[in-house]
Amino acid sequence: MKRKMRGFCLVIDIDFTDQKHKFREGSAVDSRNIQALFNNFGFKVIMKKNLSFNEIAQSMDDFVALHRNKEVDMSAVFVMSHGDRGSVTSPDEVKDHGCF
């Protein structure tokens with residue numbers, strides 16, 4: 001990785017403050033640690049919190065659009081939420097992770 005701005009990192013943290021799901025204790029610490037790590041690596045980090053499923057999908061589309069006409073070494077995406085293997089739970093629904 002040779003570029004000054006190495007890439008982009010998207011962190012979507014769903015800690016479930018909506019009362020319908022069990023609160024994810026420690027998610028804020030995890031998010032801050034990921035943000036600090038990737039900032040130190042020279043990434044532009046984009047933080048999102050408690051998004052609905054549609055907002056997650058839109059954030060992913062926006063993230064892809066960031067890369068148009070930009071040369072970066074790599075990108076990383078973290079979706080931190082409840083879920084089972086292969087699925088992601090947002091405050092409004094559960095979806096297969098392949099739908100992103």
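Modeller: Asn50 lies in the loop between β2 (43–49) and α2; helices (H or I, at least four residues) and strands (E, at least two) are DSSP runs, numbered from the N terminus. The model is a predicted one, in which local features need pLDDT of at least 70 and side-chain atom pairs count only at pLDDT 80 or more, whereas totals for chains, interfaces and linings use all residues. Residues are numbered from 1 along each chain as its sequence is written, and side-chain values use heavy atoms, with hydrogens and water left out.

The phi angle of Asn50 is near 50 degrees, a positive value in a residue other than glycine. With a relative accessible area of 25%, Asn50 is partly exposed; buried means under 20% relative accessible area, exposed over 50%, and partly exposed in between (1.4 Å probe, protein chains only).

Leu51 belongs to the largest nonpolar core, whose ten residues also include Phe8, Leu10, Ile46, Ile56 and Phe63. Such a core is a set of buried Ala, Val, Leu, Ile, Met, Phe, Trp, Tyr and Cys residues joined through side-chain atoms within 4.5 Å. The elements that give two or more residues to this core are β1 (7–13) and α2 (53–66). Apart from it lies another core, of eight residues, among them Cys9, Ile34, Phe38 and Met80. In soluble globular proteins, nonpolar side chains tend to be buried together.

Aromatic rings come next. Rings of Phe, Tyr and Trp (its six-membered ring) pair if their centres lie within 6.5 Å; planes under 30 degrees apart count as stacked, over 60 as edge-to-face and the rest as tilted. There are four aromatic pairs by this rule. Phe8 and Phe63 have ring centres 6.4 Å apart and planes at 80 degrees, so their pair is edge-to-face. This pair links distant parts of the chain, with Phe8 in strand β1 and Phe63 in helix α2, 55 residues apart. Phe8 and Phe63 are both buried. Phe38 and Phe41 also form an edge-to-face pair, 5.9 Å centre to centre and with 85 degrees between the planes. Phe38 counts as buried at 10% relative accessibility, whereas Phe41, at 40%, is partly exposed. Ring pairs link Phe38, Phe41, Phe43 and Phe78 into a cluster.

Finally, Ser31 lies in helix α1 (residues 27–40) and, at 5% relative accessibility, counts as buried. Leaving aside its neighbours within four places in sequence, Ser31 is in contact with Val11, Asp13, Met47 and Met80, contact meaning heavy atoms within 4.5 Å.
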